[in-house]
Amino acid sequence: MENKNEINGHAMPSSNSAEQILGKSAKKSCRKKLMEFLNKNLLVIMTVSGVLVGVGLGMMVRNMNLTKAQMTYFAFPGEMLLRMLKMIILPLVVCSLVSGAASLDTRSLGKLGGIAVGYFLVTTLIASCIGVALAFIIKPGVGAGALNTNSLGLESISSDKETADSFLDLARNLFPANLVAATFRSYATDYKMVAVGNDTNGTTLYQKVPFGKETDGMNILGLVLFAMVFGVALRKLGEEGEELIRFFNAFNEATMVLVSWIMWYIPFGIMFLVGSKIVEMEDVVLLVTSLGKYIFASILGHIIHGGIVLPLIYFGFTRKNPFSFLSGLITPFTTAFATCSSSATLPSMIKCVEENNGVDKRIARFILPIGATVNMDGAAIFQCIAAVFIAQLNNAELNAGQIFTILVTATASSVGAAGIPAGGIITIAIILEAIGLPTNDLSLMLAVDWIVDRTTTVVNVEGDALGAGILHHINQQEMKKQPQQQEELAEVRVEAVANVQAEEETSPLVTHQTKAVATMPEAIESVL
């Protein structure tokens, strides 16, 4: 019997030439698949490669004993990346929120906003609980009394800001007095001593009086609130507001084009950004060994929350694989790891969530800018661990009330944490003040913040992305319900119309009875 192969559905005798043809076609298909994979994931591969090359480059340059000026020049390409990303934050946040709020229906906007706020608060509270639990299990500060700021040669941080004033500043920044100034300045409380009289001995008495001042840094919280309310107002205007809505939509699309251009510079900029951070650290080994437990507890908390808790919440709402959703976000995760800034990651996050995961543009551009501002799960974890760590370092026993205060304060203060590198460090002072601990040990956190802040930012942006995916799923489910309800209403209307076709008839039973009565005389006549 002669073996036969089939090519294009035709039987052919087995031969070397036929096998070669099949082998070549298989090679071509594999090569085609490989090229498609490379084209689709080229930016991701380049970004990850940039991080790895940056680590190697940093280790090489460390041995060259560069001067401070030379380090600055070496870090210049990375600095340019950060400047480009920061440049695009303001138009991206304002335009995306205005167009997103204006394109959503007021009812769905309120419902989605309520779900988003609930999601952000619950996940942040869970993150805080994980941080406190890990700090008490691992006990990073127990037996580490030898650690102090002087031995590490670090400057101490002093913060005499009252807890109440910190929360009042948060409320004040929600409503900026000057929108133009809010793009580069925010409100902060400072104190001055004012003479209020003399005591019985003639000594002048002073009181600490708070007063407001403007500090450098974008008031992103105020801009987010204004943009949301302004978008809703444009929607309420109807036809009169359509031209302005189209303007913001066009501005938003143009901004996304700029984002796509900037993303191709990310691999090159990340390489020098990571390399320069490694070069700048004077004694990495000392810091890592001294504060290893704190670093381990923080990163373990981020792994638990980002790898288990958040995916489970996403699966619970959507019944879909969360890791297939996260696989399309490797580029923003890498950017978050390298830049340590959730705000700087926002442009690439919006682009990847829309294009790779198919999330509705209106939802992505409405929720993600809010999440980058108020949703800081990773920050809540390391802030709680840092607070308990400092308490253990000072041999302070925390009671149940203080632990509850840490949880609530960390959840609330993470809302106001700036989406910039080391932004969460400053808010730890609020927690420490609330439970009566010294703030000078915060410099220990700064010593290793360059390590912890990277996983912190990744968890922050992961929570935002999964939140957008959950809201997209809920929105789709609501849209599926609406056509069914419309069909049911249509059926009811059809039946109602059918029942009133004849005059003075309101029921099929009435029609049947009248027809029967009408036929009775004919029957009687025929019988007679």
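The structure is a predicted model, in which local features need pLDDT of at least 70, side-chain atom pairs count only at pLDDT 80 or more, and totals for chains, interfaces and linings use all residues. Residues are numbered from 1 along each chain as its sequence is written, and side-chain values use heavy atoms, with hydrogens and water left out.

**Overall make-up**

- The protein has 20 helices and four strands; these are DSSP runs numbered from the N terminus, with helices being H or I over at least four residues and strands being E over at least two.
- Of its 528 residues, 44% are buried, where buried means under 20% relative accessible area, exposed means over 50%, and partly exposed lies in between (1.4 Å probe, protein chains only).
- Among contacts (heavy atoms within 4.5 Å) with a separation of 6 or more, 79% are between residues 24 or more positions apart.
- The accessible surface comes to about 28,300 Å², and carbon and sulfur atoms hold 62% of it; such areas come from the Shrake-Rupley method with a 1.4 Å probe, and for residues only the protein chains shown count as cover.

**Cysteines**

- A disulfide is a covalent bond between the sulfur atoms of two cysteines.
- The search of the whole structure finds zero disulfides, counted as pairs of cysteine sulfur atoms within 2.5 Å.
- For Cys-129, the closest cysteine sulfur is in Cys-384, and because the two sulfurs are 7.9 Å apart, they are too far for a bond.
- Cys-129 is partly exposed at 37% relative accessibility, whereas Cys-384 is buried at 0%.

**The second largest cavity**

- The structure holds three cavities of 30 Å³ or more. A cavity is a set of points, on a 1 Å grid over the protein atoms alone, where a 1.4 Å probe fits but cannot get out, and its lining residues have an atom within 4 Å of a point.
- The second largest cavity has about 40 Å³ of space, a volume filled by probe spheres set on grid points joined across faces, edges and corners.
- Its lining consists of Ile-115, Ala-116, Tyr-119, Phe-317, Gly-467, Ile-470 and Leu-471.
- Helices α4 (106-138) and α19 (442-499) each supply at least two residues of this lining.

**Ser-343**

- Ser-343 sits in helix α14 (residues 342-355) and is buried, at 13% relative accessibility.
- From Ser-343 to Thr-373 is 30 residues in sequence and 7.6 Å in space, C-alpha to C-alpha.

Key:
1 Å grid on protein atoms, 1.4 Å probe; cavity = no way out; pocket = protein on both sides within 12 Å on 5 of 7 lines; lining within 4 Å.
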